[in-house]
2 protein chains.
Amino acid sequence: MADGGDPTLRQLGEFPMIDRLVAHRRQPTGVTVGPGDDAAVVNMPDGRVVVTTDMLVEGRHFRLDWSSPQQVGRKAIAQNAADVESMGARASAFVVAFGAPPDTPASRAQELADGMWQEAGALGAGIVGGDLVASPQWVVSVTAFGDLGGRVPVLRSGARAGSVVAIAAGLGRSAAGYLLCRNDIGGFDEVRLRHLVPQPPYGQGVRAADAGAQAMTDVSDGLLADLGHIAHSSGVLVDLATDALRADVEAIAAAAAVVGVDPLTLVLSGGEDHALVACFPGAVPPGWRVIGTVRDGAPGVLVDGRDWAGPAGWQSFD
Amino acid sequence: MADGGDPTLRQLGEFPMIDRLVAHRRQPTGVTVGPGDDAAVVNMPDGRVVVTTDMLVEGRHFRLDWSSPQQVGRKAIAQNAADVESMGARASAFVVAFGAPPDTPASRAQELADGMWQEAGALGAGIVGGDLVASPQWVVSVTAFGDLGGRVPVLRSGARAGSVVAIAAGLGRSAAGYLLCRNDIGGFDEVRLRHLVPQPPYGQGVRAADAGAQAMTDVSDGLLADLGHIAHSSGVLVDLATDALRADVEAIAAAAAVVGVDPLTLVLSGGEDHALVACFPGAVPPGWRVIGTVRDGAPGVLVDGRDWAGPAGWQSFD
């Protein structure tokens, strides 16, 4: 046994490890068949299921010298839940495939699962199934399921000229936190934490849909990049007002100064905050703030009426 | 450009690659929102969704010097679909997360997707969404969704004494094919192919459920191991008759002789054939053959009334 009674995945074996991971978890109502059979069965009273998947690879999407396994688990659930939110739905269940080296201590896998359950619990959701395999490095692949509750899904393609652009939750924190971690700079714990564990505004996706949101997405690649998807899908021009982003700029200004980066650049192009951004034809609901307008024009995103000259967002294969 | 006009994933970039992967695919009816938004929306008229996930890691679950990308894609879909079948449902949609090194030629990713669509097409299903990320080696993580069509899900826990055990599709082929590949032995193309691309008996899961199957699973870890799950979940003793497995033994006897392994061992303990095995209280439906009986007794699996002394199945972390 490695580390005084903490067996490795190889020593424990796949099925006993899975037994540990699922023991004492309370599945939400609506889970007809939970872990332990060939597949799970989850109620979808709407008659439709919202589905999305994201894969996190160690060294690429997280580092185990920056994040605890618990934080990796929370992040993996949160970013999938944000995709469900941005359709106007709420995540009700997740399945997780986890690959790790055979010499991984079982306690580390347990911490990962604990983080996942913690984040899922904030949604009233559960982890209903999974797979556990050997891999040269950690790979965490999560699929989220949500129910629309009778709502029309909010796509990226519905934005119309004359609407406003609004955001729920903050921007730039994850990118600032990433730069702090990468440069090994202490302090700014809250900012760094927001990189390790994003905090999507749970419930705001449904609220936005109920308030008539025409188009919505979550900020995963950066505000300009993600609004660009809406602009091109909808055939509209989005114009952002930096005045309206002042609170975000101020929140990360000190951290940005330490890493030597313009905070507005981080707010506009930093990814992984998993805030929600949506276009509304009228008043925005509580929890949302207006940051721009939707106009006719060649599809794209302007900043204070001009093209943005800085970087636009995260690239997967750089 | 690598290889005369075939860009790498890094050269092409994530979104242009995804555009290529989803272009010209025909989504089945029932897919309300397909790829290209934050999440997909798929009809689940039953009001429940059957979900299962499996992760395949290069070097562990497949080798790109043995399998073509197209075969990896088919296998990844097939083994998830088999899990859905074994609940008494039919897979209607899949999401796929794919990790690969940035220098992977785009054409190889395209071949993987082609294989997935080919296998999904055999089910009348589609790939409704996914994720594409950088990873040191290929990682393919598939989640399958199925609809029960009003049926009660067939669990592992429903087997009762007095029933028969029956199987749909063949056994031992995948294990024999694996040994041929591993020992670099030519010939036996059909057996080797069954390792690279399993052939679950699509439609037999629903047929078994309609015929009153009490318990069902697919053979992924080996017949003894997977029937052991049914035996322990149901609290019954299963007794297999090797006479009834003669056709499987004969089908791989020549290949087994070349690799120097007892063919009955491969039939009983070889995994990844993704045949379906179920317990029926009465007559078995067409396409199924009886291979044993269910009795009262200490939960376990006997072979011709005796304990089996050989290996029982695949271990994930060996």
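In helix 5 of chain B, the buried residues are Arg173(B), Ser174(B), Ala175(B), Ala176(B), Gly177(B), Leu179(B), Leu180(B) and Cys181(B). That is 8 of the 10 residues, so this helix is largely enclosed by the rest of the structure. Keep in mind that this is a predicted model.

**Helix 5 of chain B and its surroundings**

- The cover over the buried residues of helix 5 of chain B includes helix 6, helix 9 (246–259) and helix 10 (263–269) of that chain.
- Helix 5 (residues 173–182) of chain B packs against helix 6 (residues 189–196) of chain B at about 105 degrees, and the two axes are 7 Å apart. An angle of 65 to 115 degrees counts as roughly perpendicular, so that is the label for helix 5 and helix 6 of chain B.
- On the helix 5 side of chain B, the contact is made by Arg173(B), Ser174(B), Ala176(B), Gly177(B), Tyr178(B), Leu180(B) and Cys181(B). Helix 6 of chain B brings Val191(B), Arg192(B), Arg194(B), His195(B) and Leu196(B) to the contact.
- Just past the end of helix 5 of chain B, Asp184(B) has a positive phi of about 55 degrees.

**The six-stranded sheet of chain A**

- Chain A has an open sheet of 6 strands, ordered 8-10-7-11-9-12, and the pairing is mixed.
- Strand 8 and strand 12 of chain A are the edges; each has a single partner strand, so one side of each has no neighbour in the sheet. From one strand to the next, the twist averages 25 degrees.
- Among the pairings here, Leu237(A) has Gly300(A) as its bridge partner in strand 12 of chain A, while Leu240(A) stands opposite Val303(A).
- In a regular strand, side chains alternate between the two faces of the sheet. For strand 12 (residues 300–303) of chain A, both faces are covered: Gly300(A) and Leu302(A) are buried on one side, Val301(A) and Val303(A) on the other.

**Helix 3 of chain A and Ala81(A)**

- Helix 3 (residues 69–85) of chain A lies across strand 8 and strand 10 (276–280) of chain A, and runs at about 180 degrees to strand 8.
- Ala81(A) is part of helix 3 of chain A, and at 0% relative accessibility it counts as buried.
- Leaving out residues up to four places away in sequence, Ala81(A) touches Ala91(A), Phe94(A), Leu123(A) and Tyr202(A).
- There are 65 residues in sequence between the positions of Ala81(A) and Gly146(A), yet their C-alpha atoms are 8.4 Å apart.

**Helix 8 of chain A**

- Helix 8 of chain A has 12 residues and reaches 16 Å from its first C-alpha to its last, close to the 16 Å expected at 1.5 Å a residue.
- Most of helix 8 of chain A is covered, with 9 of its 12 residues buried. Those are Leu223(A), Leu224(A), Asp226(A), Leu227(A), Gly228(A), His229(A), Ile230(A), Ala231(A) and Ser234(A).
- After helix 8 of chain A comes Gly235(A), with a positive phi near 70 degrees.

**The UniProt binding-site positions**

- An unreviewed UniProt entry places the feature "binding site" at Gly130(A), Asp131(A), Arg156(A) and Ser220(A). These positions span 91 residues in sequence and the farthest two C-alpha atoms are 31.8 Å apart, so they do not all gather at one spot.
- Asp131(A) lies in strand 5 (residues 126–134) of chain A and is buried, with a relative accessible area of 11%.
- The contacts of Asp131(A) take in both chains: Glu14(A), Val96(A), Ala97(A) and Phe98(A), plus Thr53(B), Asp54(B) and Met55(B), leaving aside neighbours within four places in sequence.
- Ser220(A) is in the loop between strand 8 (215–218) and helix 8 (223–234) of chain A. Its relative accessible area of 21% makes Ser220(A) partly exposed.
- Beyond its neighbours within four places in sequence, Ser220(A) is in contact with Asp226(A), Gly271(A), Glu272(A) and His274(A). Of these, Asp226(A) is one of the buried residues of helix 8 of chain A.

Note on methods. Residues are numbered from 1 along each chain as its sequence is written. Chains are lettered from A and ligands numbered from 1 in the order in which they are written. This is a predicted model: local features need pLDDT of at least 70, side-chain atom pairs count only at pLDDT 80 or more; totals for chains, interfaces and linings use all residues. Side-chain values use heavy atoms; hydrogens and water are left out. UniProt positions are given in the numbering used here, feature names are shortened, and annotations may be inferred rather than shown by experiment. Helices (H or I, at least four residues) and strands (E, at least two) are DSSP runs, numbered from the N terminus. Buried means under 20% relative accessible area, exposed over 50%, partly exposed in between (1.4 Å probe, protein chains only). Contact means heavy atoms within 4.5 Å. The expected span of a helix is 1.5 Å times one less than its number of residues. Two strands pair if DSSP finds at least two bridges between them. Axes are lines fitted to C-alpha atoms, for helices over the stretch in contact, and angles run from 0 to 180 degrees between N-to-C directions. Angles under 35 degrees count as roughly parallel, over 145 as roughly antiparallel, 65 to 115 as roughly perpendicular and the rest as oblique.
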